Amino acid sequence: MMSHAQGSIAPWNYFSRHSLRGRRKRGVPFTSSEMPRIRFLPFSALLGLLGILCVGLTGFWGRHWLGGFAWDGSSEMFNWHPVLMVTGMLVLYGSAALVYRVPLSWEGSKLPWKLLHAALTLAAFILVVLGLVAVFEFHNQNKIPNMYSLHSWLGLTAVLLFSCQWFMGFASFLLPWAPIWLRALYKPIHVFFGSAILSLVMAACVSGINEKLFFRLKNSTTPYSKLPAEAYFANILGMLILIYGLLVLWALSKSSWKRPDANSQDIEEPLLQEAR
């Protein structure tokens with residue numbers, strides 16, 4: 001666990017609370033060390049509920065307004081695409097990114113957490129592949145062109161980067177043949193692209209929602225501009241997706257939630273250490 005010098009997550013004592021109340025009354029601004037600290041575990045529980053809500057609302061949209069789900073090349077098969085992408089590329093990927101922020105991961109071997117991180121991202125990758133199959137099969141069956149919209153470009157870019165990210169992370173941090181200097185060099189690149197990919201995913205999700213609404217709500221009786229119930233619902237879904245992604249990025253940026261020895265075992269503890 002972290003010491004007080006590293007930024008303890010223990011509750012404030014009476015004197016510190018009393019001192020901060022006095023500063024509020026006098027109008028004296030807080031310093032960074034005095035700002036209230038948010039605990040990771042309640043935050044992660046809230047984030048988990050938000051992620052479940054994003055997946056659930058996406059599924060509800062597909063069931064209630066888009067005709068349900070199937071796997072036969074029809075529009076119902078397409079409805080699997082947003083559900084699988086939101087579940088895999090947003091929620092599972094966001095959860096995997098925060099594995100090393102769990103306080104339990106701060107002590108002992110980091111290897112189990114590496115394996116959990118790799119498993120979550122692999123599960124996300126499998127769902128993403130199924131999501132791509134759903135949309136391409138629907139397009140091909142209905143003679144719809146592929147890869148012409150900004151949404152498709154953003155989405156495919158995120159998927160390709162995500163695939164490279166998973167392969168490079170597995171080869172660099174879990175297998176024994178990567179030299180230590182290469183792991184140390186690649187680690188900040190891996191961290192950067194983790195956040196960059198999540199940003200692309202948010203952009204792809206929001207643009208996909210908007211694209212679907214423009215395609216569906218374009219007649220004179222229920223135009224998008226009149227904000228019918230479906231548009232209202234989908235816009236809220238898009239905002240929740242953005243909030244979820246931004247909260248993950250914010251959590252990743254908090255230095256007080258990082259593993260204290262973040263630069264040690266990352267480069268020294270591969271999956272097959274005994275083979276070195």
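Helices here are DSSP runs of H or I with at least four residues, numbered from the N terminus. The model is predicted.

**Exercise 1. Describe the fold of the chain in terms of its elements, burial and contacts.**

Step 1. The chain holds eight helices and zero strands. Read from the N terminus, the order of elements is α-α-α-α-α-α-α-α.
Step 2. Of the 276 residues in the chain, 43% are buried.
Step 3. Take the contacts between residues at least 6 apart in sequence: 74% of these join residues at least 24 apart.

**Exercise 2. Determine how helix α4 is oriented against helix α6, and list the residues that form the contact.**

Step 1. Two packed helices are described by the angle between their axes and the distance between the axes.
Step 2. For α4 (residues 80-97) and α6 (residues 150-173), the axes come within 13 Å and the crossing angle is roughly 45°. This angle makes α4 oblique to α6.
Step 3. The handedness of the crossing of α4 and α6 is left-handed.
Step 4. On the α4 side, the contact is made by His-81, Met-89 and Tyr-93. On the α6 side, the residues are His-151, Ala-158, Val-159, Phe-162 and Gln-165.
Step 5. Sorted by class, this contact of α4 with α6 has five nonpolar residues, three polar ones and no charged ones.

**Exercise 3. Carry out the analysis for helix α2 and helix α8.**

Step 1. The axes of α2 (residues 40-64) and α8 (residues 229-253) come within 10 Å and cross at roughly 150°.
Step 2. Angles over 145 degrees count as roughly antiparallel. Therefore α2 and α8 are roughly antiparallel to each other.
Step 3. The crossing of α2 past α8 is left-handed.
Step 4. From α2, the contributing residues include Phe-43, Leu-47, Leu-50, Gly-51, Cys-54, Thr-58 and Trp-61. From α8, they include Glu-230, Phe-233, Leu-237, Ile-241, Tyr-244, Val-248 and Trp-250.
Step 5. The contact of α2 with α8 divides into 19 nonpolar residues, two polar and one charged.

**Exercise 4. Characterise the surroundings of Glu-230.**

Step 1. Glu-230 is located in helix α8, and is among the residues of α8 that meet α2.
Step 2. The cut-off for buried is under 20% relative accessible area. Glu-230 has 5% relative accessibility, so it counts as buried.
Step 3. Leaving out residues up to four places away in sequence, Glu-230 touches Trp-61, Trp-65, Leu-66, Leu-213, Arg-216 and Leu-217.
Step 4. With Arg-216, the side chain of Glu-230 forms a side-chain to side-chain polar contact of 2.7 Å.

**Exercise 5. Is Lys-114 buried or exposed, and which backbone atom does its side chain reach?**

Step 1. Lys-114 sits in helix α5, which covers residues 111-141.
Step 2. Lys-114 counts as buried because its relative accessibility is 4%.
Step 3. The side chain of Lys-114 reaches the backbone oxygen of Phe-173 at a distance of 3.4 Å.

Key: Residues numbered from 1 in each chain as written. Predicted model: local features only at pLDDT ≥ 70, side-chain atom pairs only at ≥ 80, totals over all residues. Heavy atoms only, no water. Axes fitted to C-alpha atoms, helices over the stretch in contact; angles between N-to-C directions. Helix = DSSP H or I, 4+ residues; strand = E, 2+ residues; numbered from the N terminus. Parallel < 35°, antiparallel > 145°, perpendicular 65-115°, else oblique. Left-handed = near helix turned anticlockwise from the far one by under 90°. Contact = heavy atoms within 4.5 Å. Nonpolar A, V, L, I, M, F, W, Y, C, P; charged D, E, K, R; others polar. Buried < 20%, exposed > 50% of the residue type's maximum accessible area, 1.4 Å probe, protein only. Polar contact = N/O pair within 3.5 Å; in protein donor to acceptor, adjacent residues only side chain to side chain.
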